[in-house]
Amino acid sequence: MHDELVDHLTRSTPLSRGEALRVIQDVLAYFDETTQDFVRRRHRELQAQGLVNAEIFERIEADLRYRAVAPPELTLRQLRRMIYG
C-alpha cells in the first residue's frame with residue numbers, strides 16, 4: 001500500500017522503507033480523525049494550556065481551515081455543541 005509514496009520518501013530522505021511506511025501510516029491516521037474528534041481533542045489540548053473558551057473556539061475555528069480535507073465552516077455554537085453536547 002502506498003508503494004509510490006514509500007519509494008519517494010526513501011529516495012528523498014534518509015528513511016528506510018519500514019520507517020517511511022510508519023511515517024505514512026502515522027500521517028494517514030492523523031488525518032483520519034473526524035472533525036468532531038479533532039474539535040474535542042484540540043479543545044482539551046488548548047484548555048490544558050490555560051486558554052479560555054473564547055480563545056479556544058477562535059483557535060479551533062482557524063485550525064479547521066488547514067485540515068487536509070477542510071470540513072464545512074462551523075459556527076461557534078456548533079463547535080460548543082461538539083464539546084458539550
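# Helix packing and salt bridges in a predicted model

Trainee: At what angle do H3 and H5 pack, and how far apart are their axes?

Mentor: H3 and H5 pack at an angle of about 80°, and their axes lie 9 Å apart, which means that H3 is roughly perpendicular to H5. The axes are lines fitted to C-alpha atoms, for helices over the stretch in contact, and the angles run from 0 to 180 degrees between N-to-C directions. Angles under 35 degrees count as roughly parallel, over 145 as roughly antiparallel, 65 to 115 as roughly perpendicular, and the rest as oblique. The helices (H or I, at least four residues) and strands (E, at least two) are DSSP runs, numbered from the N terminus.

Trainee: What should I keep in mind about the model itself?

Mentor: This is a predicted model, in which local features need pLDDT of at least 70 and side-chain atom pairs count only at pLDDT 80 or more, while totals for chains, interfaces and linings use all residues. Residues are numbered from 1 along each chain as its sequence is written, and side-chain values use heavy atoms, with hydrogens and water left out.

Trainee: And where is confidence lowest and highest in the protein?

Mentor: The mean is lowest in helix H5 (residues 76-84), at 91, and highest in helix H1 (residues 3-12), at 96. The protein averages a pLDDT of 91, with 95% of the residues scoring at least 70; pLDDT is the predictor's confidence in each residue, from 0 to 100.

Trainee: Back to the packing: which residues in H3 meet which in H5?

Mentor: From H3, Thr35, Gln36, Val39, Arg40, His43 and Gln47 meet Leu79, Met82, Ile83 and Tyr84 of H5, where contact means heavy atoms within 4.5 Å.

Trainee: Is His43 buried or exposed, and what is His43 in contact with?

Mentor: His43, which lies in helix H3, is buried, with a relative accessible area of 3%; buried means under 20% relative accessible area, exposed over 50%, and partly exposed in between (1.4 Å probe, protein chains only). Leaving aside its neighbours within four places in sequence, His43 touches Asn53, Ile56, Phe57, Ile60, Ile83 and Tyr84.

Trainee: What about Phe57, which residues is Phe57 in contact with?

Mentor: Phe57 sits in helix H4 and is buried as well, at a relative accessible area of 1%. Apart from neighbours within four places in sequence, Phe57 is in contact with His43, Leu76, Leu79, Arg80, Ile83 and Tyr84. The C-alpha atoms of Phe57 and Arg42, 15 residues apart along the chain, are separated by 9.4 Å.

Trainee: Changing topic, how many salt bridges does a search of the whole structure find?

Mentor: Seven salt bridges are found, a salt bridge being a side-chain nitrogen of Lys or Arg within 4 Å of a carboxyl oxygen of Asp or Glu. One of them pairs the side chains of Arg17 and Asp3, at 3.7 Å from N to O. That pair links distant parts of the chain, with Arg17 in helix H2 (residues 17-31) and Asp3 in helix H1, 14 residues apart. Arg17 is partly exposed, at 42%, and Asp3 is partly exposed too, at 46%.

Trainee: Which residue forms a salt bridge with Arg67?

Mentor: Glu33 does, and the closest N and O atoms of the two are 3.9 Å apart. This pair again links distant parts of the chain, since Arg67 is in the loop between helix H4 (53-64) and H5, and Glu33 is in the loop between H2 and helix H3 (35-48), 34 residues apart. Arg67 is buried, with a relative accessible area of 11%.

Trainee: And where do Asp63 and Arg42 lie?

Mentor: Asp63 and Arg42 meet in a salt bridge of 2.9 Å, N to O, that links distant parts of the chain: Asp63 in helix H4 and Arg42 in helix H3, 21 residues apart. Asp63 counts as partly exposed at 22% relative accessibility, whereas Arg42 counts as buried at 15%. Salt bridges that share partners join Glu33, Arg41, Arg42, Glu45, Asp63 and Arg67 into one network.

Trainee: Last one, into which domains is the protein divided?

Mentor: The protein is divided into domain 1 (3-32) and domain 2 (35-84), with bounds that come from an automatic or database domain assignment. The C-alpha centres of domain 1 and domain 2 lie 28 Å apart.
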